[in-house]
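Subject: Structure for your review

Dear colleague,

Please find below the structure that I am handing over to you.

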Amino acid sequence: MKALVIEKTNGKPGQVYYPLKQVDLPKPYVRPGEVLVKILAAALNHREVFIRQHLYPGINFETPLGADGVGIVVETSSPDLEQQWKGKRVILTPGRGWEGNEDGPEGKYAIVGGTVGVSHGTLQEYVALPASELEEAPEHLSIPEAAAIPLAGLTAWRATFTKGKLRAGHNVLITGIGGGVALFALQFAVAAGATAFVTSGSEEKIARAKELGAAAGVNYRKEDWSKQLKGLLPKNRSYLDTVIDGAGGDIVLQTYGLLKPGGVIVSYGMTTNPKVVFPMQAVLKNIEIRGSTMGSRKEFKEMVSFVNKHGIKPVVSTTVNGLGRADEVFEIMKKGTQFGKLVVEVGDTGEAAKL
Ligand SMILES: NC(=O)c1ccc[n+]([C@@H]2O[C@H](COP(=O)([O-])OP(=O)(O)OC[C@H]3O[C@@H](n4cnc5c(N)ncnc54)[C@H](OP(=O)(O)O)[C@@H]3O)[C@@H](O)[C@H]2O)c1
């Protein structure tokens, strides 16, 4: 089967950009408790760019890239599994080693694709995996939309609800709305009945976020963006309850004045700066900053069921057909011009679209 890995070249972390290499690997076989999934599409996360730049821990040059995948179960290891899964359109969990503990993984946690700990990715034609690592793909989704869900959806779910404790009627700020995680957080917040504000480096992305239900947005490239945001908060609830941030840097400095006392900043990433300044003024206002990562198997199930219940359609920016065209979507992610997820169709989607 065809698969996509990275090729080792010389260069320092941050300066190197490992090329993609298409390889032929043996088709995996199912062991007891496992099923074989024919992958139809895989979505990118910023993680894959960091892997290619050698800015990510545990890189493995032999393991195919990709944490997000949708496919069809084509083979099973028992009659029970055959009855339950054969022919179904499924999405794959993006991590291993975290069942349900709310605080963090119970054991050693590993993320699927391109790193040590899990031997497969999703940018490969077939994946054999335990049947317990599947959820049925919500029926209202196209194949690229289903592929978009796993890693970003799970990260946004945990940040928004488990760590952010967002409720109907709350005001939330979601930064960098062009990002995959940020867009899921927006869709989840709107579906939950919260009032969502966004930042972006692009006016066009702010306008598109409003079409998805954001109340207003400001451009983070403007120095006074937090002052502008203050003027946009509703008169009857003129503060933020929660900030969901993937940028890092000066996010606390910019938002502690807008948050209610005891308000929460959930940090799930630090795209712009791997450090956050936490000033004494935020301490005096009882502001909390909470680190948040992907999430547990239990949260994954809850998230997929919420997507189903609310008919949420993930935003897909661009889809390319075939592993050989993956570099096109990597280039878009590197430039940051996308609005939504970037997807690579791996197999023949025509057949699956009919299911
Ligand atoms: N902790 C975890 O488990 C976990 C899981 C998933 C992701 N992450 C991390 O979260 C971050 C986002 O991931 P992603 O996959 O959603 O990335 P992505 O799709 O590449 O999006 C990154 C976004 O960052 C925004 N951005 C750039 N400069 C910014 C600034 N100065 N202020 C605010 N936002 C800014 C951009 O928003 P605009 O386009 O709107 O300007 C861009 O779309 C990455 O650092 C990633 O590593 C962590």
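**Findings**

In this predicted model, the end C-alpha atoms of residues 11–344 lie 27 Å apart, and the span is 29% helix and 27% strand. UniProt, in an unreviewed entry, assigns these residues, 11–344, the feature "domain: Enoyl reductase (ER)".

I turn next to the ligand. There are 31 residues around the ligand, and those that come nearest are Gly 176, Gly 178, Gly 179, Ser 200 and Gly 269. The shell consists of 18 polar, 11 nonpolar and two charged residues. At least two residues of this shell are supplied by each of helix 1 (46–52), helix 4 (150–163), helix 5 (180–191) and strand 11 (195–200). Residues of the shell come from both domain 1 (2–149 + 314–353) and domain 2 (156–291), so the ligand lies between the two domains.

Two of the helices that contribute to the shell, helix 4 and helix 5, also pack against each other, at an angle of about 55° and with their axes 8 Å apart. The crossing in which helix 4 passes helix 5 is right-handed.

Yours sincerely,
A colleague

Terms used:
Residues numbered from 1 in each chain as written. Predicted model: local features only at pLDDT ≥ 70, side-chain atom pairs only at ≥ 80, totals over all residues. Near = placed C-beta within 6 Å. Helix = DSSP H or I, 4+ residues; strand = E, 2+ residues; numbered from the N terminus. Nonpolar A, V, L, I, M, F, W, Y, C, P; charged D, E, K, R; others polar. Domains from an automatic or database assignment. UniProt positions renumbered as here; feature names shortened; annotations may be inferred. Axes fitted to C-alpha atoms, helices over the stretch in contact; angles between N-to-C directions. Left-handed = near helix turned anticlockwise from the far one by under 90°.
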